[in-house]
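Colleague: I would like to go through this model with you, one question at a time. Shall we look at it together?

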Amino acid sequence: MDKNRNQYIPALKYDWLTPVYDPLLKWTMGEFAFKRQLVRQAGIEKNNRVLDLGCGKATLTLLLKKIHPEAEVVGLDGDLKVLEIAKTKAVKTGLKIALDRGMAFELPYPDRSFDRVLSSLVFHHLTRDNKVRTLKEVFRVLKPGGELHVADWGKPQNTLMRVAFLLVQMLDGFNTTADSVNGLLPELFSQAGFEDIQQTDRHITLFGTLALYRARKTK
Ligand SMILES: C[S@@+](CC[C@H](N)C(=O)[O-])C[C@H]1O[C@@H](n2cnc3c(N)ncnc32)[C@H](O)[C@@H]1O
């Protein structure tokens, strides 16, 4: 029995839905467009060390390595099964990334060891308590001047987007998704010590408003 199993929600809540996660994102959410945009806004430099937090099947992790071959790219996820799929994908591409098993709120890395932390569609899987713990951990592992770049569900810009998001809430839980609907992620970034916080963009998707954020650890 996996002792961490009740500490994370798999990509589509149920293990049996994990195989359809990649095609679903690709066909319904313009996955590559928003992930590319996230990588672009992160302004990654040669030899940067970059963490993809809650990497799932490593789509973003592999994209990071493809666009920035000289960066050291690490993906972390709590779900061993999804990491197995990610490892197979990485072998097929021939791209060298590290894939670690760990919990977002107990990062297995030293202080000040990353230049950038990126995260896509993970924060809405975490309870408020675990979001706060995770952001403290992200702050700890970032170097001074390091940045956090997040793509996740944001405050709906109209009623249609609010209604569309109900499906995600039914799947992933009303408790964990409430902070996204209420647009509270920037406030939580600030409470963890981040500065220069910005919502950089938002996209209309079939499942609601997807928001992109950046935040900096200045000291
Ligand atoms: C919706 S999927 C997103 C995967 C990937 N980032 C993407 O955009 O395709 C959310 C991922 O977060 C992981 N996750 C959820 N809670 C976690 C936690 N507490 N620690 C580590 N990973 C977690 C899940 O296992 C899942 O792979």
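Modeller: Start with Arg128. Its relative accessibility is 40%. Buried means under 20% relative accessible area, exposed over 50%, and partly exposed in between (1.4 Å probe, protein chains only). Therefore Arg128 counts as partly exposed.

Colleague: What kind of file is this?

Modeller: This is a predicted model: local features need pLDDT of at least 70, side-chain atom pairs count only at pLDDT 80 or more, and totals for chains, interfaces and linings use all residues. Residues are numbered from 1 along each chain as its sequence is written, and side-chain values use heavy atoms, leaving out hydrogens and water.

Colleague: Is Asp179 buried or exposed?

Modeller: Asp179 has 6% relative accessibility. For that reason Asp179 counts as buried.

Colleague: At what distance do the side chains of Asp179 and Arg128 meet?

Modeller: They form a salt bridge, that is, a side-chain nitrogen of Lys or Arg within 4 Å of a carboxyl oxygen of Asp or Glu. From N to O, the distance between Asp179 and Arg128 is 2.8 Å.

Colleague: How many residues apart in sequence are the parts that this pair ties together?

Modeller: Asp179 lies in helix α7 (residues 174–181). Arg128 lies in helix α5 (residues 128–141). Helices are DSSP runs of H or I, at least four residues, numbered from the N terminus. So the pair ties together parts whose separation in sequence is 51 residues.

Colleague: Which residues are linked with Arg116 in a network of salt bridges?

Modeller: Arg116 meets Glu147 at 3.7 Å, N to O. Glu147 also meets Arg216, at 2.9 Å. The network links Arg116 with Glu147, Asp196 and Arg216.

Key. Helices (H or I, at least four residues) and strands (E, at least two) are DSSP runs, numbered from the N terminus.
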